[in-house]
Amino acid sequence: MRDVSRPAEPMSADPGDCAVLAAWERFVRGEDRVPGVRPLVAVSWHRCREQYRVDPHLAEAPVAVAQPSHPPEHDVVFAELGFRAATVAHDVGGIGGVVTVTDACGRILAEWGDQATLARAYESRLAPWFCWSESAAGTNGMGTALEAHGPVPISGPEHWCQAFHHWGCAGIAVRDVVTREPIAVLGICCWHSRLPAAAASWLAHAAVMAQHPLKRRARDSGAELVAAYTRARSHSRAPLAALDTAGRVVIADDLAGVLLGVPASTPAIDPTLRWNPGLPELIAASRHATGQAAHDPAWVGSTQIYGHPCDEPTSISIRPVFSSGHLIGNLVSFGASDGARVPGAEDPVRPAVRPRRLVAVHGNRMVLLRPAEVSSAESRDNDVWLRTDQGRLRAACPSLDKLDGELADDGFLRVHRRYVVNLGRVREVERGLRGELSLVMDDGTKEMVPVSRRNAAAVRRALGI
């Protein structure tokens, strides 16, 4: 990493820290306004206070608990990150810093630096076998990187725990190229000083290099899924599709392509080119199958989904596909009901704790909303957008499924695969020529929210019509 050995800037040199510290003190006392705090940090503080309930006066990170085994390709990532960390360990140690590699749970696996800084780091348990996830140690470079994409710098009082305010740190997560779940985090931490300017670019480059073998493995797995699909097609006339472990379509035949709303008989070997069918039940069933197959490779399951284009229920059977003992995806047969019943998406487990606030992001501000201020939520591309009394805002929560679960007890209802509405904010119900329903909300926009056929009966019951 170039320029890493230049003198580090003392953390007290930035007057902005005073504003951040003042905002931290107010937020710890229970206030919600945090002017001058970066949205990424403000949202992290909100998670630490409301969701994880981390003590802001925690003096040291807790001991990590034992974790289940991981796939062999994760070891390749750990080795690559270890190599990258070792190459800059001397330079980082020269400015009073340490380099760390953690796993997907925030557990530090290895650490490099000069002996004096390593000894100081150990006082806060910034050391192997201690846990630095947000849920364990609050906002910090390593833990917050597990919750975000790209390099995450956390400086001084941006840390949730006061005992860590003397550190400046940054981390970046290496993520599985198929599921986008974190595998490991590479981090740099400096005592009483800011990170070198080159730290963010070095972390980003290291993460890209660590993902190269994952991309090769994912392309190979895509080709193997297509081969498994071809073999299965030769023995069955049932409509068939092959899905990766994230529930995205690698290949589907003509009828399966129509039901999934994806191109037919077009292999998508590269993980960046695979199709998302936009069917929450199918994604949930695929993830359930992944979990079951990890314990029982012979597992086969069945459920129903509501496919395109008419939202009619369709039975499917799911069969995991393995390569060299490693799960690479699932074959989905339509019109079949073989195997164990997969828990349906129609009766999800609701969280016991209701959200105190909905968190949205607008420019450089974090907006905390009462549920009553939100008329509806829409999933678009990779974001969830809220229609609110303050206008259209992007939700901090990236999943409409998760938002639906959190708001069920506040009078919200899933009316479409892309929409959740506040039933108390429905102003009009419009019936189309074919009996389809649309909702007009009282948010002043006059935009229609469509109701899918599968959800029409639930909407009528909820509204008493």
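This report describes charged contacts, backbone features and residue separations in a predicted model.

## Basis of the description

The model is predicted, so local features need pLDDT of at least 70 and side-chain atom pairs count only at pLDDT 80 or more, while totals for chains, interfaces and linings use all residues. Residues are numbered from 1 along each chain as its sequence is written, and side-chain values use heavy atoms, with hydrogens and water left out.

Helices (H or I, at least four residues) and strands (E, at least two) are DSSP runs, numbered from the N terminus. Residues are called buried under 20% relative accessible area, exposed over 50% and partly exposed in between, with a 1.4 Å probe and protein chains only. Accessible areas come from the Shrake-Rupley method with a 1.4 Å probe; for residues, only the protein chains shown count as cover.

## Salt bridges

A salt bridge is counted when a side-chain nitrogen of Lys or Arg is within 4 Å of a carboxyl oxygen of Asp or Glu. By this rule there are 22 salt bridges. One of them joins the side chains of Arg47 and Glu134, at 2.8 Å from N to O. This pair links distant parts of the chain, 87 residues apart: Arg47 belongs to helix α2 (residues 39-52) and Glu134 to helix α5 (residues 134-137). Arg47 is classed as buried because its relative accessible area is 17%, and Glu134 is likewise buried because its relative accessibility is 1%.

Another salt bridge is formed within a single helix. The side chains of Glu80 and Arg84 meet at 2.7 Å, N to O; both residues lie in helix α3 (residues 72-94), four residues apart, which is about one turn of the helix. Arg84 counts as buried because its relative accessibility is 17%. The side chains of Arg248 and Asp244 also form a salt bridge, at 3.7 Å from N to O. Arg248 is buried at 19% relative accessibility, and Asp244 is buried with a relative accessible area of 1%.

Arg194 is located in the loop between β5 (182-191) and α7. The residue is buried because its relative accessible area is 14%.

The side chain of Arg194 takes part in polar contacts, defined as pairs of N or O atoms within 3.5 Å; within protein, one atom must be able to donate a hydrogen and the other to accept it, and residues adjacent in sequence count only if both atoms are side-chain atoms. A contact of this kind reaches the side chain of Asp17 at 2.7 Å. A polar contact of 2.4 Å joins the side chains of Arg194 and Ser155.

## A positive surface patch

Arg180, Lys215, Arg216 and Arg219 form a patch of positive charge on the surface. Patches are made of residues with over 30% relative accessible area and no salt bridge, with like charges joined within 9 Å and nonpolar side chains (Val, Leu, Ile, Met, Phe, Trp, Tyr) within 5 Å. Lys and Arg count as positive and Asp and Glu as negative, whereas His and the chain ends are not counted; the place of a charge is taken as NZ of Lys, CZ of Arg, CG of Asp or CD of Glu.

## Positive phi values

Arg125 has a phi near 65 degrees, a positive value in a residue other than glycine. Arg125 is situated in the loop between α4 (115-123) and α5. Ser324, also a residue other than glycine, has a positive phi near 55 degrees. The loop that holds Ser324 runs between β9 (312-323) and β10 (326-334), and Ser324 is exposed because its relative accessible area is 81%.

## Separations in sequence and space

His70, in the loop between α2 and α3, is partly exposed at 39% relative accessibility. His70 and Arg461 are 391 residues apart along the chain, and their C-alpha atoms are separated by 46 Å. Arg319 is placed in strand β9 and is partly exposed at 44% relative accessibility. A distance of 48 Å separates the C-alpha atoms of Arg319 and Asp32, which are 287 residues apart along the chain.

Pro151 is found in the loop between α6 (141-145) and β3 (152-155), where a relative accessible area of 31% makes Pro151 partly exposed. Pro151 and Ala198 are 47 residues apart in sequence and 12 Å apart in space, C-alpha to C-alpha.
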